[in-house]
Amino acid sequence: KVPDAHEIRIDWNSDGDFNGTGENVTSRVLARSPVMIQYGRDTARALSPIAPGSMSFELNNISKDYSPEFASSPLNGLLGPGRAVRYQRTHLSTTYTMFRGHLDDYDLLPERSERSVQFTCLDALAKFSGATISTDLYQGIRTGQAIGYILDKIGWPTADRDLDAGATLIPWWWEEQTDAFQALERVVNSEGPAAFVFVDADGKVVFRDRHHRLLRTASTTSQATFRDT
């Protein structure tokens, strides 16, 4: 099982509070399949494409609570993709949100030696794929402004953005019937290596330009000390 310092909740009834019946699934997490979280790029290279954040974990399903065909399950009618997921960890009395996203898929493992279900989750960046946008023509804007215009077109709240201005000036910029995720990738590629876009644990879209590692406090000052004793 996952230690008490960890907590995974799934908003089965989609009411936004993670406190409904069966929404705290922490005690069901199986240690044989560790909770895996991944952010960043497809591969560990600065020029690799950006990728949505993902999380995977496995739950004990001996009770058949996560089996859609089991009518007696307290979650009957609520199982399915798109449900909000939150993973938190408490360290030294401070609680940190490690991942926040939604269920993408799950795989039932009915064999007697398993009797479990494997969940796969993605963060909000995945929702950009499949959203088609068209913009006005803009002259002399920075990459951060371009990302802001992309977010405007998909209706992303202004309060849920943390965007650097960008170190690159784009002479002319527009998109015409473009997938929103591809549009984000184009702007990040225009900014150059070290720039990236991700969704943080609070659900904000974050853009960091290619100079962020030279200028931001998180990169220029020590964040922690590790010792062997």
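Start by selecting Trp12, Phe57, Tyr66, Tyr106 and Phe119: ring pairs link them into a cluster. Two rings of Phe, Tyr or Trp (its six-membered ring) pair if their centres lie within 6.5 Å; planes under 30 degrees apart count as stacked, over 60 as edge-to-face and the rest as tilted. The model is predicted, so local features need pLDDT of at least 70 and side-chain atom pairs 80 or more, while totals for chains, interfaces and linings use all residues. Residues are numbered from 1 along each chain as its sequence is written, and side-chain values use heavy atoms, with hydrogens and water left out.

The structure holds 11 aromatic pairs. Zoom in on one of them, phenylalanine 57 with phenylalanine 119: the rings are stacked, 5.3 Å centre to centre with 20 degrees between the planes. Phenylalanine 57 is in strand 3 (residues 54-60) and phenylalanine 119 in strand 6 (residues 116-122), so you are looking at a link between distant parts of the chain, 62 residues apart. Strands here are DSSP runs of E, at least two residues, and helices are runs of H or I, at least four, both numbered from the N terminus. Phenylalanine 57 and phenylalanine 119 are both buried; that means under 20% relative accessible area, with exposed over 50% and partly exposed in between (1.4 Å probe, protein chains only).

Next, pick tyrosine 149 and tryptophan 173. Their ring centres are 6.3 Å apart and the planes sit at 25 degrees, so this pair is stacked. Tyrosine 149 comes from helix 1 (residues 143-153) and tryptophan 173 from strand 10 (residues 169-173), so the pair ties together parts 24 residues apart in sequence. Tryptophan 173 is buried at 6%, whereas tyrosine 149, at 23% relative accessibility, counts as partly exposed.

Now go to strand 13 (residues 205-208). Both of its faces are covered: Val205 and Phe207 are buried on one side, Val206 and Arg208 on the other. Strand 9 (residues 161-163) runs parallel to strand 13, joined by three bridges, and strand 12 (residues 196-199) runs antiparallel to strand 13, joined by four. Two strands pair if DSSP finds at least two bridges between them. To see the partners, show arginine 161 with valine 205, then phenylalanine 198 opposite valine 206. In the hairpin of strands 12 and 13, with five residues between the strands, click glycine 203, which takes a positive phi near 85 degrees.

The term covers a side-chain nitrogen of Lys or Arg within 4 Å of a carboxyl oxygen of Asp or Glu. Arginine 208 is buried, with a relative accessible area of 10%, and aspartate 162 is partly exposed at 29%.

Move over to glutamate 191 and arginine 210, another salt bridge, with the closest N and O atoms 3.6 Å apart. Glutamate 191 is in helix 2 (residues 180-191) and arginine 210 in the loop between strand 13 and helix 3 (212-215).

Last stop: arginine 86, in strand 4 (residues 84-91). At 17% relative accessibility, arginine 86 counts as buried. Show its contacts (heavy atoms within 4.5 Å): leaving out residues up to four places away in sequence, arginine 86 touches Glu7, Ile8, Arg9, Phe18, Thr97, Phe99 and Arg100.
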